[in-house]
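Please keep the sequence and the model in view while reading.

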Amino acid sequence: MDDPELDAIRQQRMQQMQASLNGGSNPEQQKKAQEQRQAQEDMKNSVLSQLLDQDARARLNTLKLSKPDKAQMVEGMIIRMAQMGQIGGKLDDANLVKLLESLNQQMPRSTSAVKFDRRRAALDSDEDDDDYGI
């Protein structure tokens, strides 16, 4: 049962699993991945600054603060539209609003309702007022 080869394989597999959980144990790889993410973010921002005017960019940044996942989706959509040639010049604020409205109509809206279930405790009953002897 104590096979040294099996123990070595288990140990190696455990190290691989821990490395994958940590995103790679090599700090150089982590730094390189961080630099790549930063370069992609910079490139995306430069493309968006070319496609959007100041007001539209401000609206998109406000959206990013309140709903980051939706803003990321809109950014990707604008970049894809520009790559396919659907955007001629810079998008102004009014065109961005139209784009957001069309996106809102396409996306399913989560309908969350608040339901109050009011229950009275046995001590709060109005019927017991006469039992106090007053």
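How many helices and how many strands does the protein have? The protein has five helices and zero strands, where helices (H or I, at least four residues) and strands (E, at least two) are DSSP runs numbered from the N terminus. Along the sequence the pattern reads α-α-α-α-α. The model is predicted, so that local features need pLDDT of at least 70 and side-chain atom pairs count only at pLDDT 80 or more, while totals for chains, interfaces and linings use all residues. Residues are numbered from 1 along each chain as its sequence is written, and side-chain values use heavy atoms, with hydrogens and water left out.

**Overall figures**

Of the 134 residues, 17% count as buried, a term for under 20% relative accessible area, with exposed meaning over 50% and partly exposed in between (1.4 Å probe, protein chains only). The accessible surface comes to about 11,700 Å², of which 49% belongs to carbon and sulfur atoms; such areas come from the Shrake-Rupley method with a 1.4 Å probe, and for residues only the protein chains shown count as cover. Among contacts (heavy atoms within 4.5 Å) with a separation of 6 or more, 58% are between residues 24 or more positions apart.

| Pair | Angle | Axis distance |
|---|---|---|
| α2 (residues 27-51) and α4 | about 70° | 10 Å |
| α3 (residues 54-66) and α4 | roughly 140° | within 6 Å |
| α4 and α5 (residues 93-106) | about 115° | 12 Å |

With its angle of about 70°, α2 is roughly perpendicular to α4, a class that covers 65 to 115 degrees, whereas under 35 counts as roughly parallel, over 145 as roughly antiparallel and the rest as oblique. On the α2 side the contact is made by Lys-44, Val-47, Leu-48 and Leu-51, and on the α4 side by Glu-75, Ile-78, Ile-79 and Ala-82. By class this contact has six nonpolar, no polar and two charged residues, with Ala, Val, Leu, Ile, Met, Phe, Trp, Tyr, Cys and Pro counted as nonpolar, Asp, Glu, Lys and Arg as charged, and the others, Gly among them, as polar.

For α3 and α4, which cross at roughly 140°, the relation is oblique. Leu-60, Leu-63, Lys-64, Leu-65 and Ser-66 of α3 make the contact with Pro-68, Lys-70, Ala-71, Val-74 and Glu-75 of α4, and six nonpolar, one polar and three charged residues take part.

At about 115°, α4 is roughly perpendicular to α5. Here Lys-70, Val-74, Met-77, Ile-78 and Met-81 in α4 meet Leu-96, Leu-99, Leu-100, Leu-103 and Asn-104 in α5, a set that divides into eight nonpolar, one polar and one charged.

**Individual residues**

Is Glu-75 buried or exposed? Glu-75, found in helix α4 (residues 68-83), counts as buried because its relative accessibility is 1%. Not counting residues up to four places away in sequence, Glu-75 touches Lys-44, Leu-48, Leu-60 and Lys-64. Lys-44, which lies in helix α2, is also buried, with a relative accessible area of 19%, and beyond its neighbours within four places in sequence Lys-44 is in contact with Glu-75 and Ile-79.

Asp-55 in helix α3 counts as exposed, at 53% relative accessibility. Asp-55 and Leu-96 are 41 residues apart in sequence, and their C-alpha atoms are 9.5 Å apart in space.

Key
Axes fitted to C-alpha atoms, helices over the stretch in contact; angles between N-to-C directions.
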